[in-house]
Amino acid sequence: MSNIIYIGYEFKVTPLQPGVEILIAELGYAGFESFVETEEGVTAYIQKDEWNASILDDVQILNSEEFKIAYEFNEIEQTNWNEEWEKNFNPIIVDDVCTVRAPFHEKPNTQYDIIIEPKMSFGTGHHETTHMMIQYILKNDFTNKSVLDMGCGTGVLAILAEMKGAKPVDAVDYDNWCYLNSIENVERNNCKNITVIEGDASVLSGRKYDIIIANINRNILLNDMETYVSCLNQNGLLFLSGFYNDDIPVIQETCEKYLLKFEEKLERNHWVALKFLN
Ligand SMILES: C[S@@+](CC[C@H](N)C(=O)[O-])C[C@H]1O[C@@H](n2cnc3c(N)ncnc32)[C@H](O)[C@@H]1O
């Protein structure tokens, strides 16, 4: 990884909160991979290969009158992500029962302890959508269920699914770096029932699952919904996240078109996660 070129954006944000929190969420969905909070705002990183000149066009907070945001960007060669993460990645605890932490953090007392070497993949539990998907996995029965984690990022949701008794579990991501990072994290957590697959919805043909978890984004979910539903067993569950409250009608309408039944909504900071029954 050491020779990958990144573009680093240094944002100065006033007022700092909730400006930085909203900005990070929006940048994550624009394709930025990692964030380091600073005294004045946040520095966000994206691989040069993923960057384009209109990368910030959909980041709405930049046009908001509530926040003053200035930025500059530079090309950088980042060589020591571990050191960066060690300084900036705190463990998170979900509902007092599940900790997501890095290998260098102390072992917690929670029932579930997930160790993630986050490097550059989305999925440390810090994002609202990951947090809500963890909550869904914690409160639903995964024992002996076949599970698909679509858009697995670090593999965190697949790992928790296995810890909750799911098997077999497929973890799919189209990003090569996420694919490799998920394999590492699956091994690090001694998971035995997870297969990590590199690809998009086209790799799903012919596969069947009792539960599908997909934390991606509105457009990919809408685009691939038909495929997901075709892979879902009767009475199977579909958990979706990666979109905002405002997106619920279009997501729900698409799910209902494929005869899924809406069951539950979770919400954090305008982000939502939905549960559907087949
Ligand atoms: C929002 S992150 C979620 C990561 C993790 N599941 C979590 O909950 O934290 C979305 C992930 O989906 C992957 N992704 C985006 N579009 C995809 C597609 N069409 N097929 C497979 N993976 C995709 C991205 O590479 C990214 O890792």
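**Notes on the predicted model**

1. D95 sits in the loop between β5 (92–94) and β6 (98–101), and its phi is near 50°, a positive value in a residue other than glycine. Helices (H or I, at least four residues) and strands (E, at least two) are DSSP runs, numbered from the N terminus.

2. The model is predicted, so local features need pLDDT of at least 70 and side-chain atom pairs count only at pLDDT 80 or more, while totals for chains, interfaces and linings use all residues. Residues are numbered from 1 along each chain as its sequence is written.

3. H270 also has a positive phi in a residue other than glycine, near 75°. H270 belongs to the loop between β13 (261–268) and β14 (271–277), and H270 is exposed, with 12 other C-beta atoms within 10 Å.

4. The protein chain has seven helices and 14 strands. Its radius of gyration is 18 Å, close to the 19 Å that the globule rule gives for 278 residues, so the chain is as compact as a globular protein of that length (the radius is taken over C-alpha atoms, and the rule is 2.2 Å times the number of residues to the power 0.38). Buried residues make up 40% of the 278 residues.

5. The domain assignment, which is automatic or from a database, gives domain 1 (5–79) and domain 2 (128–277), and the C-alpha centres of these domains lie 27 Å apart.

6. Which residues touch the most other members of the largest nonpolar core? Of its 56 residues, they are I212 and I213 (a nonpolar core is a set of buried Ala, Val, Leu, Ile, Met, Phe, Trp, Tyr and Cys residues joined through C-beta atoms within 7 Å). A second, separate core of 17 residues includes Y9, F11, I24 and L27.

7. Helix α1 (residues 16–30) has 15 residues and reaches 20 Å from its first C-alpha to its last, close to the 21 Å expected at 1.5 Å times one less than its number of residues. The buried residues of α1 include I24 and L27, and both of these are also members of the second core. Just after α1, G31 takes a positive phi of about 120°.

8. Two cis peptide bonds deserve a look in the model: the bond from T14 to P15 has omega near -10°, and the bond from Q17 to P18 has omega near 10°. P15 lies in the loop between β1 (5–14) and α1, whereas P18 is in helix α1.

9. UniProt, in an unreviewed entry, places the feature "binding site" at T130, G151, D173 and N215; its positions are given in the numbering used here, feature names are shortened, and annotations may be inferred rather than shown by experiment. T130 is in helix α3 (residues 128–139) and is buried, with 25 other C-beta atoms within 10 Å. G151 is found in the loop between β8 (147–150) and α4 (156–163), and counts as buried because it has 25 C-beta neighbours inside 10 Å. Leaving aside neighbours within four places in sequence, G151 is in contact with D173, A214, N215 and I216, where contact requires C-beta atoms, placed from the backbone, to lie within 7 Å.

Terms used:
Buried ≥ 20, exposed ≤ 12 C-beta atoms within 10 Å, placed from the backbone. Contact = placed C-beta atoms within 7 Å.
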